[in-house]
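Open the model in your viewer and keep the selection tool at hand. The tour goes from one selection to the next.

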Amino acid sequence: MRLVQLTVPTGKRETVLETLEDRGIDYVVTDENSRREYTAVVYFPLPTPAVEAVLDELQEAGISEDAYTVVVDAQTVVSRRFESLREEYETGDVESDRISRQELETEAEALTPTFGVYVTMTIVSAIVATAGLLLDSPAVVVGSMVIAPLIGPALGASVGSVIDNEDLFRQSVRYQILGVVLAIAAAAVFAWMVRVTNIVPPGLEIGEVNEIAERLTPDLLSLAVALGAGVAGIVSLATGISVALVGVMIAAALIPPAAAAGIAIAWGEPSAAIGSTALVLVNVLSVNLAGLLTLWYAGYRPENLFSLRPTEARVRKRVVGLGLIVLVFAVFLGAITYSSFVISTFENDATDEIELVLEDEAFAEYTFLELEVETGQGYPFLSPERAIVTIGGPPDQRSPELESQLHERISAQTDEEITVEIRYIGQVER
């Protein structure tokens, strides 16, 4: 529920009151003596879905934006007429659950902090994320998402596009670009300082750190996270629900991958940064795409009806453009996903072959213990490079025939050149 406070321009008092009466809206009028161009202040409660329609009708009646209008939350309204009004507007569909266009614009603008705060918090969140990745600590990485100020620009661009506020759109786009660049740069500088000062162990392989490795080779599921974050963010914003937790979800799609890209750059492995950088970009674009589609579906349109067609054409072009770019990135992520699938398939097939070989009675005294598959450094498209098979058997006894069969069977499971290493662990019978 909302309480609207509207200053009535001189000569418009009767028009305003008649409009409210026709709508069956309760109101209170107080005379205004502070400024000559206003004659009164009208207070009237409205169901949230009715705010946009009533304000638009008042504007059509001649109440311009120069009139001072304040919309605030109302906790409780006791009135039979208000209940009737609520039944009229709260129909249970998507449009009846959303806040007004005017409130949406205000909320979107309020979510974007000032330039100095935005820069500071983005840098801090990137540094914290970098530390969390290097520590292989999911808790620290989550903490970096909480303080990231990315939700405002991510949603503001969609809001600006749909309601024909190009200033908001351009500002949000600039902030998003700045945020991505700052996050990667801050992560790279911090990771380089950590490396040269030996705060982390010398010779650390970033591909062996789980929190980093999973972001250097992202898969298609990452796209679902970004699209879900965009939809959830817009729905939270448009329904007046707190967007704090959704902001964490959006930051999860952007800050850790940006930090992983910075770490790869600091480690002198620019090819390793390709996958995580692509993940950042596709996530940014996907959040914007999902936001645009969700807002348009929710029924938001520009205030001026003459702007409807140009805005609709502009939104359509942006949706098509974003969709095509996201599709290109999706193909790229699909290729990475396929390379991961190939590695997993090779490991499963090789394991099956090892077990089949050891089922032979000639090798009954040997036991399969472990298969470790090492990949090359050809990020982001990895392939199996080395297979290490650990076999348990009699102490100090090797089997050239077993090794030959394992080499042949394992090598046959991939088209790539692969090194097969057999390790024995002596087992003493008790």
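**Stop 1: the second largest pocket**

Select strand 5 (367-375). Strand 5 gives the most to the lining of the second largest pocket, with 4 residues. Strands (E, at least two residues) and helices (H or I, at least four) are DSSP runs, numbered from the N terminus. This is a predicted model: local features need pLDDT of at least 70, side-chain atom pairs count only at pLDDT 80 or more, and totals for chains, interfaces and linings use all residues. Residues are numbered from 1 along each chain as its sequence is written, and side-chain values use heavy atoms, with hydrogens and water left out.

The volume of this second largest pocket is about 540 Å³. Its lining has 21 residues, and those closest to the centre are Gly207, Ala213, Thr375, Tyr379 and Leu382. Colour the lining by residue class: 6 are nonpolar, 8 polar and 7 charged. Here Ala, Val, Leu, Ile, Met, Phe, Trp, Tyr, Cys and Pro count as nonpolar, Asp, Glu, Lys and Arg as charged, and the others, Gly among them, as polar.

Pockets and cavities are found on a 1 Å grid over the protein atoms alone: a pocket is an open set of points with protein on both sides within 12 Å along at least five of seven lines, a cavity is a set where a 1.4 Å probe fits but cannot get out, and lining residues have an atom within 4 Å of a point. Grid points are joined across faces, edges and corners, and a volume is the space filled by probe spheres set on the points.

**Stop 2: the domains**

Colour domain 1 (2-90), domain 2 (103-301) and domain 3 (341-426) separately. The bounds come from an automatic or database domain assignment. Where does the second largest pocket lie? Both domain 2 and domain 3 give residues to its lining, so the pocket lies between them. The centres of domain 1 and domain 3, taken over C-alpha atoms, are separated by 77 Å.

**Stop 3: the cavity**

The structure holds 1 cavity of 30 Å³ or more. About 90 Å³ of space lies in the largest cavity. Select Leu150, Gln176, Gly179, Val180 and Leu254, which lie nearest its centre among 13 lining residues. Which helix gives the most to this lining? Helix 9, with 4 residues. The lining divides into 11 nonpolar, 2 polar and no charged residues.

**Stop 4: the nonpolar core**

Next, show Val159, Ile212, Leu216, Ile250, Ile263, Trp267 and Tyr300, which touch the most other members of the 76-residue largest nonpolar core. Helix 13 supplies the largest share of this core, 13 residues. Domain 2 and domain 3 both contribute residues, so the core lies between them. A nonpolar core is a set of buried Ala, Val, Leu, Ile, Met, Phe, Trp, Tyr and Cys residues joined through side-chain atoms within 4.5 Å. Buried means under 20% relative accessible area, exposed over 50%, and partly exposed in between (1.4 Å probe, protein chains only).

**Stop 5: two residues**

Pick Leu333 in helix 14. Is Leu333 buried or exposed? Leu333 counts as buried, because its relative accessibility is 1%. Leu221 is 112 residues from Leu333 in sequence and 8.9 Å away, C-alpha to C-alpha.

Finish at Asp31 in strand 2 (residues 28-31). Asp31 has 55% relative accessibility, so it counts as exposed.
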